[in-house]
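Take a moment with the sequence and the fold before reading on.

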Amino acid sequence: MDIASYRKIEFEEREKRLKNAKFQNLVKTEKIKDKLDIVYVMTWTELCGGSKIILEHSNYLVQRGHKVTIISHFPKPNWFYMDDRIIFIKVPWKEILCKVIHPCDIIIATYWREIYECIEQEKAPVVYFEQGDSHLFDLETLDERTLNYIKKEFEVVPFIFTVSSYASQKIKEIYNRDSIIIPNAVNDESFYSLDVNKNKDDKAEVSIAMIGSEKSEFKRIKIILNAIEGLRKEGYSINVNWITPDEPQNSKEKFLVNPTQKEIGEALRKSDIYICASKYESFGLPTLEAMKCGLAIITTDTGGNKDFVIDNENALITTGTVEDIKVKIKILISNNKLRRKLSKNSRITSMKYNWKNIIDELEEYYTQIAKYEIV
């Protein structure tokens with residue numbers, strides 16, 4: 001049986017139980033636990049920004065002495081460094097995923113699918129970590145049954161946190177729930193600037209970086225490629241550093257498939273300009289990583305990037321059309337002063353998003369939730 005078939009069966013079984021869903025009966029105590037036993041339930045472990053953030057959380061939390069367990073139907077990631085102290089449990093598809101959760105201090109559901117199944121186990125208070133998807137930004141892609149299911153999941157979970165003001169706004173607007181905002185951060189070991197060639201005014205060739213799969217329509221990779229091809233026809237010399245989770249089928253551009261974080265950082269540092277043409281993003285971590293590497297940024301208003309992108313200060317905001325992206329690239333090629341300004345300011349912005357500060361926030365948030373006990 002393929003994964004889609006298992007998912008269908010899983011959804012139908014969870015939907016039946018959700019019809020009679022009960023809220024977690026929690027009482028807040030004054031107990032303060034120095035070290036926490038934390039369980040993350042991951043719906044997906046392949047290369048993507050959402051998975052990366054969960055793994056970053058886990059690495060930093062175990063480094064601070066907390067116990068972290070990750071459970072998933074999918075294999076342990078091999079594309080991202082995981083601290084050996086993290087316990088990873090792969091659950092067969094034929095088994096109920098959350099049944100393996102042990103008595104702990106806090107359970108983090110990382111996608112709407114698993115929220116109530118986490119609650120059902122009655123092992124610890126459940127918090128939902130929302131990182132955004134079509135259920136926040138592209139509702140027309142969901143059928144009524146699925147949307148009603150998701151609304152019920154949001155209704156029963158006691159705590160929600162998310163990564164940006166935009167995502168929090170959407171959670172309130174669509175599901176009428178308040179949420180705490182704890183933003184993402186950039187890994188300093190993989191993403192940093194060498195200040196090499198970024199400020200040269202006489203570059204014969206410009207390197208443009210982009211991140212995303214051509215299969216993910218909301219990323220609008222094809223629009224970026226069309227803009228670049230159009231400029232080449234006008235005589236511009238442009239090199240492309242394309243980072244993608246899967247091999248492109250409709251392009252002859254140079255690409256890196258499923259690279260390590262170190263390789264992504266190296267590819268960005270070889271580039272001059274980073275382009276994001278996404279229709280929406282809950283946060284926009286790749287853009288922030290490119291900022292940390294000192295690239296000049298061209299990006300659409302994705303919603304999630306409003307917390308750190310300022311037009312003409314640390315980025316150029318584009319409408320996302322082929323013609324407007326071409327115009328913005330031409331501006332950066334011809335205006336060296338602006339390119340240097342954006343590069344400098346983008347690095348300054350990225351410095352605010354460091355993991356020490358973010359994990360301080362996360363740790364305090366989890367500590368407060370762990371004061372609750374099931375009664």
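Why does His 135 count as buried? Its relative accessibility is 1%, and buried means under 20% relative accessible area, with exposed over 50% and partly exposed in between (1.4 Å probe, protein chains only). This is a predicted model, in which local features need pLDDT of at least 70, side-chain atom pairs count only at pLDDT 80 or more, and totals for chains, interfaces and linings use all residues. Residues are numbered from 1 along each chain as its sequence is written, and side-chain values use heavy atoms, with hydrogens and water left out.

His 135 sits in helix α4 (residues 134-137). Helices (H or I, at least four residues) and strands (E, at least two) are DSSP runs, numbered from the N terminus. Leaving aside residues up to four places away in sequence, His 135 touches Tyr 111, Trp 112, Tyr 128, Glu 130, Leu 142, Ile 150, Phe 154, Ile 174 and Tyr 175. Contact here means heavy atoms within 4.5 Å.

Now the sheet. Seven strands make an open sheet, ordered β4-β3-β2-β5-β6-β7-β8, with parallel pairing. Its edge strands, β4 (87-90) and β8 (180-181), each pair on one side only. Two strands pair if DSSP finds at least two bridges between them. Strand β2 (residues 37-42) and strand β5 (residues 106-109) pair over four bridges. Val 41 has Ala 109 of β5 as its bridge partner. Helix α6 (residues 165-175) packs on the sheet and touches β6 (126-130), β7 (159-162) and β8. The direction of α6 makes about 145° with that of β7; axes are lines fitted to C-alpha atoms, for helices over the stretch in contact, and angles run from 0 to 180 degrees between N-to-C directions.

Next, helix α8 (residues 261-269). Its buried residues are Gln 261, Ile 264, Gly 265, Ala 267, Leu 268 and Arg 269. Their cover includes α2 (49-63), β9 (206-211), β10 (238-244), β11 (255-257), β12 (273-276) and α9 (285-292).

Finally, the cavities. A search of the whole structure finds three of 30 Å³ or more. A cavity is a set of points on a 1 Å grid over the protein atoms alone where a 1.4 Å probe fits but cannot get out; lining residues have an atom within 4 Å of a point. The largest cavity has a volume of about 80 Å³, the space filled by probe spheres set on points joined across faces, edges and corners. Of its 14 lining residues, the closest to the centre are Ile 211, Tyr 274, Cys 276, Ser 278 and Glu 281. Strand β12 gives the most to this lining, with three residues.

Conventions
1 Å grid on protein atoms, 1.4 Å probe; cavity = no way out; pocket = protein on both sides within 12 Å on 5 of 7 lines; lining within 4 Å.
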